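Reader: I have a structure open and would like to learn how to read its inside. Could you walk me through it?

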Amino acid sequence: MDNRAQNELPVIAVAMGDPSGISPELTARILSEPDLRAAARYVVFGDARLLELGIKDGAADPQVRVVREGDALPLGDRPVFIDLGNHDPADLQRGTATLAGGKAATDNFRHALQFAAAGHADAVFFTPFNKAAMRFAYPGYDDEIRFVRDAIGFEGPASEFNILDKLWNARVTSHIPLSEVAASITQERILRALTLADANLRLAGFNPPRIAVAGINPHAGDGGNFGRDEIETIEPAVKAAKAKGFTVEGPFPSDTVFLRARNGDFDAVLTMYHDQGQIAMKLIGFDSGVTLIGGFPFPICTPAHGTAYEIAGKGVANLGATRAALALAIKMARDGKARAKAAA
């Protein structure tokens, strides 16, 4: 590929995740995939010594160019690895959430986010974090959305989306106790979630996206017999979204709506709380699920599974979800560059 064509490729900022799990292996292996290497340019943040462990674990050959922070970035056909030197392998405790691991993961993620926020990358991708380790290092850590807001100073609406190929799950509430969910469901929040879902689905190529809205009560309230949330809150929000031009239907019983979506009736399901959608999506395809953090100035993607401490260092991690997550980051970054060029 000539230099001009190479320069047209999107730049993906990659953050190595929790070092105590499978993140070093996944990072080394995904950077070795020929088709993904040919589709983007990469700037990776982490500790080069941990990448070497991942290379040994995964029998991988990423052929990265290692530089130090502040060095010139020789972007080209080989990934550039910015060695932050932030986790001594001698301190590595595989299979255990540690303060050192949390510090390294948050440091890597913050660097990747700020690199993208400064306009140097078109998307961010990261291998899995461990929430306990992240909280050791960053006591205010609720989830990735909170961390991203703090890292780049962003105040707009944002949400996580879980994705299996062409099936998306959006949600109104996320990381809050189940006891607080019902009181948190308002017409305003549903409409905001639908607006954000519609926008991100369009960025991913759905035009127009077809969104189904799940109820919160059994059988979507059964006409008021099992609660009036659907009648008084969810249905009016759906009507308001339709009035704004969204292609949306519901509320539907949550125990059947994913069957319809999987069969092609809808592109996405908006659920009212975290596990209402997460359980369904992970049962449908755990090994290929992707989490998109949408609403920020650039897409942020990661595999939907966790750090898999139980297989850390064994070289047997499934690459399916990691590959799918990076492929989505590349697609959204490439499409974003095309839209920006067309608008110029």
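Author: Gladly! Keep in mind that this is a predicted model. Let's begin with the nonpolar core. In soluble globular proteins, nonpolar side chains tend to be buried together. Here the largest nonpolar core has 63 residues, and Ile12, Tyr42, Trp168, Ile190, Leu194 and Leu270 are those with the most contacts inside it.

Reader: Which residues does Leu194 touch, leaving out those up to four places away in sequence?

Author: Leu194 touches Ile211, Val213, Ala241, Phe246, Val248 and Leu270.

Reader: Now for pockets. Which residues lie nearest the centre of the largest pocket?

Author: They are Ile145, Ala158, Val172, Ser174 and Arg189, out of 19 lining residues. The space in this pocket is about 450 Å³.

Reader: Which element gives the most to that lining?

Author: That is α9, with four residues. Along with α9 (187-203), both α7 (144-152) and β6 (159-164) supply at least two residues each. By class, the lining has seven nonpolar, four polar and eight charged residues.

Reader: What volume does the second largest pocket have?

Author: About 320 Å³. It is lined by 21 residues, and Lys131, Glu144, Pro303, Ala304 and His305 are the closest to its centre. Two or more lining residues come from each of β6, α12 (274-285), β11 (290-294) and β12 (300-303), with α12 giving the largest share, three residues.

How values were computed. Residues numbered from 1 in each chain as written. Predicted model: local features only at pLDDT ≥ 70, side-chain atom pairs only at ≥ 80, totals over all residues. Heavy atoms only, no water. Core = buried A, V, L, I, M, F, W, Y, C linked by side-chain atoms within 4.5 Å. Buried < 20%, exposed > 50% of the residue type's maximum accessible area, 1.4 Å probe, protein only. Contact = heavy atoms within 4.5 Å. 1 Å grid on protein atoms, 1.4 Å probe; cavity = no way out; pocket = protein on both sides within 12 Å on 5 of 7 lines; lining within 4 Å. Points joined across faces, edges and corners; volume = space filled by probe spheres on them. Nonpolar A, V, L, I, M, F, W, Y, C, P; charged D, E, K, R; others polar.
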